[in-house]
Amino acid sequence: MSIIYNFSAGPAVLPKEVLQRAQQEMLDWHGRGMSVMEMSHRGEEFMSIIAKTESDLRELVGIPNHYKILFLQGGASSQFAMVPMNLLRGKRKADYVNTGQWSQKAIDEARKYCQVNIAASSEDACFTYAPSPESWVIDSNTAYVHYTPNETIGGVEFNWVPDLAQITGGKIDAPLVADMSSNILSRPLDVTPFGLIYAGAQKNIGPAGLVLVIIREDLLNTPIAGTPTMYAYKTHADHHSMYNTPPTYAIYIMGLVLDWLIQRGGLSEMEKINIVKANLLYELIDSSDFYRCPVSKPDRSRMNIPFTLKDSSLDNEFLKQAKARGLLQLKGHRSVGGMRASIYNAMPYEGVVALVSFMKEFEKTHA
Ligand SMILES: *Cc1c(COP(=O)(O)O)cnc(C)c1O
C-alpha cells in the first residue's frame, strides 16, 4: 500500500493505530466472538465500552461531574435546532456571533425558534477574523450566546474563550454555547466557562454518525412545546444516551481515539504538535508571494488552513500533482475555492512536511 496523506475537512483522517486496533478487534472483540457492531447496546460488553469512553473523556479533558456527556446522532447540524429548542427556557431571544458559514447555518436554524441578535460579526471583512470581545454587544434578554470557535471552511479560530461576565460588565448571565466540531480535543479545554459544547465526531473525534454534547446539568430543562422526544437533551441525559440505540460503533471508535490521545500524552501534548504542524504551513505561505492565506494572523486556525495560489488557473494542476504525490483532498470548499489543508490531531507531522515540500517545489516550477 502506498503512503497517502488525507487532508480532508471531514470525514477526516483517523489515527492509523486506531484503525489497526479496530481491524484486529473487528471480528472478535475481547474474545466475545463478535464485532462491536453486532452487540446489544444494553449488553454488558457495550455498556462497558460506553462507560469507559465517557470516563476517559472526563479524565482527558477534565470535565467536572456537573456536566453531562451525551452521545447523540444527527450531526452537528441537528444541534443548530436542539440548542434553541432546549436552551430558550421561556426567553424569546438568543445571541449569535457570526464568523462564517457554520455560524450562519446555526443562525438560520435558530431564527425558526427565536429572535436572533447578532452580537458580533466579521462579515465586513469576508469572515477573515474573530471579532474581539470589546466589539460584542449582547442583548440583555438573551437566553444564551452561541459562537463557533473554529470555522472549518474559513479557517478562523478563536484563540481565546469569551468571558461573558467581562464582555457584559457582569450585567448579563447567559450560558455560552460553542460548536467545537472542528477543534475539540486539539488543545486543552476548560469546559467551565461553557453552558453547552457540541461537536460532530467526524473531524477530530471519530467516525461520522456521532455527535458529542457536553452540557451543564442546570440547563437540562423542559424544551419548547412540540419538541420531539429525541430532540430533548433531558431525554438523553436521563437515559445515559440509551433512550434509543446510540451509534455504537462510532462510540467504540471514539473510545479508541481517546486511548490514542491519552497514550500520546493528552491534550497539552496534542496542542504542542498542532502548533508545530500549523506553523510549518503558515510560515511557508507567509514567506512566499505565490501562496496566500486571507485570515488575520492571530485568528488563524490550527486545524483548517485555507490558502490560494497567486494564479488560480494553476489550481487544477496543483491538485493533480499533489494527488500524484499522495497528498489528497486539498481542494478548498466549493463556496470559497482555492485550497484547504485540514490537519487535525490524526494528521502526522510527516504529512505536513510532505505537503510543505511539495508546495515549495510547485512554487519553484510554476512561479
Ligand atoms: C462539519 C461541521 C458542522 C456540520 O456537521 P454535520 O455533522 O455534517 O452536521 C457544523 N459545524 C462545524 C464547525 C463543522 O465543522
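1. Two strands pair if DSSP finds at least two bridges between them. Strands here are DSSP runs of E, at least two residues long, and helices are runs of H or I, at least four; both are numbered from the N terminus. By that rule, strand S11 (residues 291–292) pairs with S12 in the antiparallel sense, over two bridges. Arg292 stands opposite Thr308 in S12.

2. The model is predicted: local features need pLDDT of at least 70, side-chain atom pairs count only at pLDDT 80 or more, and totals for chains, interfaces and linings use all residues. Residues are numbered from 1 along each chain as its sequence is written, and side-chain values use heavy atoms, with hydrogens and water left out.

3. S12 has another partner. Strand S14 (residues 339–342) runs antiparallel to S12, and four bridges join them. Phe307 stands opposite Met339 in S14.

4. For the protein, 55% of the 367 residues count as buried.

5. The protein holds 10 helices and 14 strands. The C-alpha trace spans about 60 × 55 × 30 Å along its principal axes. Its radius of gyration, taken over C-alpha atoms, is checked against 2.2 Å times the number of residues to the power 0.38. The protein has 21 Å, which agrees with a compact globule of 367 residues, because such a globule would have a radius near 21 Å.

6. Contacts (heavy atoms within 4.5 Å) are next. Among those between residues at least 6 apart in sequence, 69% join residues at least 24 apart.

Definitions and conventions
Buried < 20%, exposed > 50% of the residue type's maximum accessible area, 1.4 Å probe, protein only.
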